[in-house]
Amino acid sequence: MSDRTQGPVGIDALLEKARAGLDRVEAEEAHDAARTGEALLVDIRYAALRDRDGLIPGALVVERNELEWRLDPQGSHRVPEATSHDLRVVVICNEGYASSLAAVSLRQLGLGRATDLVGGFQAWKAAGLPVTAPSP
């Protein structure tokens, strides 16, 4: 039976299903992977949150509504960092919810190593990892 014939799923069930297919990473693991060049951190938070809380140094900022266009290695609007479908991408939102759905979307584009950060930017910050100062 297809998902369409089962009726509405609800966001909690959709999120659970999305996360079941991801190898989500904790803040320290994401930091180490980015530092060693093994992963590209992609911050999808909107501007007001970035201005309020700051940025992760070295993370690529791509608003959520542009993510697939910017990260598709075959796309005409890709960023220079989108070099291969084998690229390990760690998507970061504010608290680790929207990033799970975004990572699944990237996997559907063929980025099979895409995942997200458990707890999002807030977990990164709480772990004491590097953050640039927020805008005044």
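Helices and strands here are runs assigned by DSSP, at least four residues long for a helix and at least two for a strand, and they are numbered from the N terminus. Read along the sequence of this predicted model, those elements follow the pattern α-α-β-α-β-α-β-α-β-α. That gives 6 helices and 4 strands in the chain.

Now for the overall build. A compact globule of 136 residues would have a radius of gyration near 14 Å, and the 15 Å found for the chain agrees with that. Along the principal axes, the C-alpha atoms fill a box of roughly 50 × 30 × 25 Å. Buried residues account for 40% of the 136 residues.

To get from S1 to S2, the chain passes through helix H3 (residues 47-53), making a right-handed β-α-β crossover.

Next come the charged side chains. Side chains of opposite charge can pair when their charged atoms come close. A search of the whole structure turns up 9 salt bridges. One of them links Arg52 with Asp53, whose closest N and O atoms are 2.8 Å apart. Asp53 has a relative accessibility of 8%, so this residue counts as buried, the cut-off being under 20%. Another salt bridge joins the side chains of Arg64 and Glu68, at 2.9 Å from N to O. Here Arg64 is partly exposed because its relative accessibility is 30%, while Glu68, at 15%, counts as buried. Glu66 and Arg70 also meet through their side chains in a salt bridge, with 3.5 Å from N to O. Glu66 has a relative accessible area of 34% and is therefore partly exposed, and Arg70, at 25%, counts as partly exposed too.

Ser99 lies in helix H5 (residues 98-108), and with 0% relative accessibility it counts as buried. The side chain of Ser99 makes a polar contact of 2.8 Å with the side chain of Asp116. Leaving aside residues up to four places away in sequence, Ser99 touches Ile44, Val91, Ile92, Cys93, Asp116 and Leu117.

Ala114 is found in the loop between H5 and strand S4 (115-116). Ala114 has a relative accessibility of 0%, so it counts as buried. Its C-alpha atom is separated by 7.8 Å from that of Leu22, although Ala114 and Leu22 are 92 residues apart along the chain. With residues up to four places away in sequence left out, Ala114 touches Leu22, Val89, Ala103, Leu106 and Arg107.

Terms used. Residues numbered from 1 in each chain as written. Predicted model: local features only at pLDDT ≥ 70, side-chain atom pairs only at ≥ 80, totals over all residues. Heavy atoms only, no water. Right-handed = clockwise from strand over helix to strand, strands pointing away. Salt bridge = Lys/Arg side-chain N within 4 Å of Asp/Glu carboxyl O. Buried < 20%, exposed > 50% of the residue type's maximum accessible area, 1.4 Å probe, protein only. Polar contact = N/O pair within 3.5 Å; in protein donor to acceptor, adjacent residues only side chain to side chain. Contact = heavy atoms within 4.5 Å. Rg over C-alpha atoms; globule rule 2.2 N^0.38 Å.
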